[in-house]
Amino acid sequence: MTNLKKIMMPAALSVSILGLAACGNGGGETLVSSKAGDVKQSDIMKELGNEQIAKTSFQLIFNDVLKEKYGKKIDEDKINKETDKEIKKYGDEKTFEQILQQQSSGMTVEQYKKKRVTDEYQKQFLNDTIKISDKDIKDNAKKASHILIAVKSDSNKDGLSDKEAKAKAEEILKQVKANKDDFKKIAKKESDDTQSAKNNGELGYVVKGQTVEAFEKALFKLKPGEISDIVKTEFGYHIIMAEDDKDIAKEKDKLAQTIRQNKLQDNPKLYVQAVQKLFKEYDVDFKDKDIKKYVDDQILKAK
């Protein structure tokens with residue numbers, strides 16, 4: 001059930017930005033005093049900047065609303081225990097925190113734990129925003145392996161000429177068409193995609209939108225066990241095999257997240273409209289007119 005209490009911005013953030021920054025009103029409350037001078041609210045506001053204040057205000061209230069809506073669905077203790085296991089892998093909390101700070105300056109273990117919980121709230125929100133069915137996964141994901149014969153280019157000086165690469169790909173195609181069981185062995189030996197070659201040409205599950213168009217079109221026409229003709233892309237010549245997808249259930253959550261992200265990239269309005277709906281549900285009211293204007297114009301404007 002929706003919480004009927006009205007959610008307001010924290011008091012310190014709901015004070016008028018312009019009012020605090022104005023020179024003629026005394027600059028707001030004095031936070032620190034000294035013989036050298038005082039630090040007032042207006043000084044802090046000027047230092048942060050109106051844009052940053054608005055972004056921070058939005059993020060704070062957004063996180064609060066998500067916690068209110070999804071708090072009972074998220075097991076914070078479980079997340080914290082998982083983080084503790086991560087810490088043990090690196091020896092101790094101090095070492096782990098040093099690694100965190102290499103990735104994000106000033107990040108503490110406590111902040112990291114809070115971020116992980118917040119990430120789970122946002123994941124739940126995205127799941128509710130864009131529903132992904134089993135059919136969506138089946139239609140948008142396919143397991144594949146490939147063999148690439150690279151063509152020489154500005155980014156790949158080691159490739160063959162177009163004519164040589166095509167001829168080599170045609171010869172390999174004859175071999176794998178004659179004996180499908182040799183596909184992985186040949187991929188390991190001949191493919192110029194060194195990363196997948198290490199895994200016998202296996203790419204795992206490919207989601208629509210992840211590869212170049214020609215590769216995607218060829219792959220999604222194939223049934224499990226079928227091998228494509230030669231496919232030309234900017235990277236060279238590919239021979240693609242569709243793999244059996246019996247293990248797709250194990251990858252369901254991961255694939256759903258990828259498909260969901262692709263849908264959001266294709267139509268950002270979906271996310272914006274969902275946030276607007278959420279804020280309306282929880283009666284979020286940005287009291288400061290400057291914060292409200294920035295949020296409406298720059299964050300919640302569906303383009």
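Reply: The largest nonpolar core has 25 residues, of which Phe58, Phe62, Phe125, Phe279 and Phe286 touch the most other members. A nonpolar core here is a set of buried Ala, Val, Leu, Ile, Met, Phe, Trp, Tyr and Cys residues joined through side-chain atoms within 4.5 Å. Buried means under 20% relative accessible area, exposed means over 50%, and partly exposed lies in between (1.4 Å probe, protein chains only). At least two residues of this core come from each of helix H4 (50–70), helix H7 (109–129), helix H14 (269–281) and helix H15 (289–299). H4 gives the most, with 8 residues. Helices (H or I, at least four residues) and strands (E, at least two) are DSSP runs, numbered from the N terminus.

The model is predicted: local features need pLDDT of at least 70, and side-chain atom pairs count only at pLDDT 80 or more, whereas totals for chains, interfaces and linings use all residues. Residues are numbered from 1 along each chain as its sequence is written, and side-chain values use heavy atoms, with hydrogens and water left out.

Contact means heavy atoms within 4.5 Å. Apart from this core lies another, of 15 residues, among them Ile147, Ile186, Ile227 and Tyr237. In soluble globular proteins, nonpolar side chains tend to be buried together.

Next, the strands. Strand S3 (residues 141–150) has 9 of its 10 residues buried, so it is largely enclosed by the rest of the structure. S3 runs antiparallel to strand S4 (residues 202–207), to which 5 bridges join it. With strand S6 (residues 236–242) S3 has 7 bridges, and that pair also runs antiparallel. Two strands pair if DSSP finds at least two bridges between them. On the S6 side, Ile149 stands opposite Tyr237.

Ser145 lies in S3, and its bridge partner in S4 is Glu202. Ser145 is buried, because its relative accessibility is 0%. Beyond its neighbours within four places in sequence, Ser145 is in contact with Phe183, Lys184, Gly201, Glu202, Leu203, Ile239, Ile240, Met241 and Glu243. The side chains of Ser145 and Glu243 are joined by a polar contact of 2.4 Å. A polar contact is a pair of N or O atoms within 3.5 Å; within protein, one must be able to donate a hydrogen and the other to accept it, and residues adjacent in sequence count only if both atoms are side-chain atoms.

Last, the charged pairs. The whole structure holds 23 salt bridges, a salt bridge being a side-chain nitrogen of Lys or Arg within 4 Å of a carboxyl oxygen of Asp or Glu. Lys185 forms one with Asp182, the closest N and O atoms being 3.7 Å apart. Lys185 is exposed, at 56% relative accessible area, whereas Asp182 is partly exposed, at 23%. Lys287 pairs in this way with Asp285, at 2.8 Å between the closest N and O atoms, and Lys287 is partly exposed, at 48%. The salt bridge of Lys289 with Asp290 has its closest N and O atoms 3.7 Å apart; Lys289 is exposed, at 59%, and Asp290 is partly exposed, at 21%.
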